[in-house]
Amino acid sequence: MYGWIWRHLPGNILVKAAISVLVVLGLVYLLFTYVFPWAEPLLPFGDVTVDGNGDGAVG
């Protein structure tokens with residue numbers, strides 16, 4: 001798959017590398033701006049249970 005993408009990008013190696021970096025940065029931006037905020041309420045990471053019985057207390 002990556003070979004197919006690389007062969008179809010225009011330009012020489014430097015141009016292909018620059019386009020690839022821009023595409024990756026664009027994907028990261030879209031993920032952090034739209035996808036992760038949308039998915040965050042659906043994930044169970046905020047459901048933390050802390051028991052208050054004193055186990056593990058330093059003292």
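**Contacts of Lys16**

Reply: Once the neighbours within four places in sequence are left aside, Lys16 is in contact with Trp6, Arg7, Leu9, Pro10 and Gly11. Please keep in mind that this is a predicted model.

Me: OK, and where does Lys16 sit?

Reply: Lys16 lies in helix α2, which spans residues 13-39.

Me: Is Lys16 buried or exposed, and what is the nearest side chain of opposite charge?

Reply: Lys16 is buried and yet has no salt bridge, and the nearest side chain of opposite charge is that of Glu40, which is 40 Å away.

Me: What share of the protein is buried overall?

Reply: Buried residues account for 5% of the 59 residues. The accessible surface of the protein amounts to about 5600 Å², and carbon and sulfur atoms contribute 72% of that surface.

Me: Switching topic, how many helices and strands are there?

Reply: The protein has two helices and zero strands.

Me: And how many aromatic pairs?

Reply: The structure holds one aromatic pair. The ring centres of Phe32 and Phe36 are 5.1 Å apart and the ring planes stand at 90°, so the pair is edge-to-face.

Me: Why are Phe32 and Phe36 about one helical turn apart?

Reply: Phe32 and Phe36 are separated by about one helical turn because they are four residues apart in helix α2.

Me: How exposed is each of the two?

Reply: Phe32 is exposed, with a relative accessible area of 58%, whereas Phe36 is partly exposed, with a relative accessible area of 41%.

Me: Which residues form the nonpolar patch on the surface?

Reply: Phe32 and Phe36 are among them, together with Val24, Val28, Tyr29, Leu30, Leu31, Tyr34, Val35, Trp38 and Leu42, and the patch has about 1200 Å² of accessible area.

Me: What about Leu30, where is that found?

Reply: Leu30 is also found in helix α2, and this residue is partly exposed, with a relative accessible area of 42%.

Note on methods
Residues numbered from 1 in each chain as written. Predicted model: local features only at pLDDT ≥ 70, side-chain atom pairs only at ≥ 80, totals over all residues. Heavy atoms only, no water. Phe/Tyr/Trp six-rings, centres within 6.5 Å; stacked < 30°, edge-to-face > 60°. Buried < 20%, exposed > 50% of the residue type's maximum accessible area, 1.4 Å probe, protein only. Patch = residues over 30% accessible without salt bridge, like charges linked within 9 Å, V, L, I, M, F, W, Y side chains within 5 Å. Areas by Shrake-Rupley, 256 points an atom, 1.4 Å probe, with all protein chains shown as cover. Salt bridge = Lys/Arg side-chain N within 4 Å of Asp/Glu carboxyl O. Lys, Arg positive; Asp, Glu negative; His and termini not counted. Contact = heavy atoms within 4.5 Å.
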